[in-house]
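User: Please walk me through this model, one question at a time.

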Amino acid sequence: MVFTKLITCSGPVNIAVIKYWGKRNEELILPSNSSLSATLNQKELKTVTSVMASESFSEDRIWLNKREEVITNPRLQIVLKAIRERYKQRKGCHDPLLNCKLHICSQNNFPTAAGLASSASGYATLVFAMGKLFDIPVGELSQIARLGSGSACRSMFGGWVKWEMGEAEDGRDCKAVQTHDECHWPDIRLLVLVVSDTPKETSSTSGMASTVKTSELFQHRVNHVVTKRLGLIEEAITQQNFPVFAQITMQESNQFHAVCLDTYPPIFYMNDVSKSIVDLVTQYNAFSREIKAAYTFDAGPNAVIYTLKESVAEITSLLLHFFPPSTQEGFLKGFSFQIDSDQGKLEALKAKVNVPRKVDALRYILLTSVGDGPRVLSEQEHLLSPVSGLPK
Ligand code: DP6
């Protein structure tokens, strides 16, 4: 009998409010500062990954979004090796799983080129599935996911997740922990604004390496700013204090992009549409006389707006007015209700907000919420055929 084992899991995207940018050890992916993110609901955004081990496979292989890719990617190799090593330490060399090659098949339910953090959900889901296959304790998995892509370690849990930078040189105390579960602040919503643009030119990995080497503002940020903000935002989340949470979120995004500008040569991730979104949110908050929305940008022009359920319709109407699509079809994703907001108030807002109106500046707007961590899926959801071991 040929030994085989197949498992399929799904895993989420996360969006940081305290940003990870800069490593103190590139090889071990140890960050220069701790960070904090919300895990997004897998109903709207997720990666699904099947991993199959079989004694009949002749080599490790991987398929990403229906295309076979090279398995030699160094970070992928490090992750596969780390899992097999841990298994070997516990079970010895003669376990049948260690004689197996692996087939990995992974798919996102969102376009990879959309600039959403696909490497975070990708590595988190892969490591979670491998962890199940090789029976590795969940507590150890965030440290392995981190070796694939730093931010992936935060996608190993649902709710609000802190990636603790740790102090040890070997990274043994550098791990992700959940600070609050997904039910803690039920009214939080996220609007993901996918900007019509080509994908980023500078990868996070090379961008942050260049920042660490050249930016003095970065030194100031890690030595004097992040720890304080982390404490304040954790408290704001605990107390569900949206204005404080939102202000820190925006200041963090601003400082991250300022640090990119302070890098030599400078890195620009935000474009003109991103800047108009910053203006729109700022003027919306000023009009509301209260902070009701917070923008945040990662290593690309797309915006994520954190807000509360009660403000979603109003903000979406405003976005539809200033960034209208030429065709409505598929423009609003994840909305289970009609956008009808107070017309009088909307007219007043439109008159006050001063940003250039631009058709088709956004590819789509996706509404989502805070969700749970990686899950094991049923046999029906396998992406690999249990018979051939190839993508279905
Ligand atoms: C801007 O995790 O993609 O999204 O560890 O080099 O793979 P590597 O970088 P990555 O960096 C993401 C940075 C960020 C901010 C964040 O998510 O905290």
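Analyst: A few questions and answers about this structure follow. It's a predicted model, where local features need pLDDT of at least 70, side-chain atom pairs count only at pLDDT 80 or more, and totals for chains, interfaces and linings use all residues. Residues are numbered from 1 along each chain as its sequence is written, and side-chain values use heavy atoms, leaving out hydrogens and water.

User: Is Ser 54 buried or exposed?

Analyst: Ser 54 sits in strand β6 (strands are DSSP E runs of at least two residues, helices H or I runs of at least four, numbered from the N terminus). Its relative accessible area is 1%. Buried means under 20%, exposed over 50% and partly exposed in between, with a 1.4 Å probe and protein chains only. So Ser 54 counts as buried.

User: Which residues does Ser 54 contact, leaving aside neighbours within four places in sequence?

Analyst: Contact here means heavy atoms within 4.5 Å. With those sequence neighbours set aside, Ser 54 touches Val 2, Phe 3, Thr 4, Cys 100 and Lys 101.

User: How does α1 run relative to α3?

Analyst: The axes of α1 and α3 (residues 138-148) come within 7 Å and cross at roughly 155 degrees. Axes are lines fitted to C-alpha atoms over the stretch in contact, with angles from 0 to 180 degrees between N-to-C directions. Over 145 counts as roughly antiparallel, under 35 as roughly parallel, 65 to 115 as roughly perpendicular and the rest as oblique. That crossing therefore makes the pair roughly antiparallel.

User: Which residues of α3 make the contact with α1?

Analyst: On the α1 side you'll find Arg 75, Ile 78, Val 79, Ala 82, Ile 83 and Arg 86. From α3 come Glu 140, Ile 144, Leu 147 and Gly 148.
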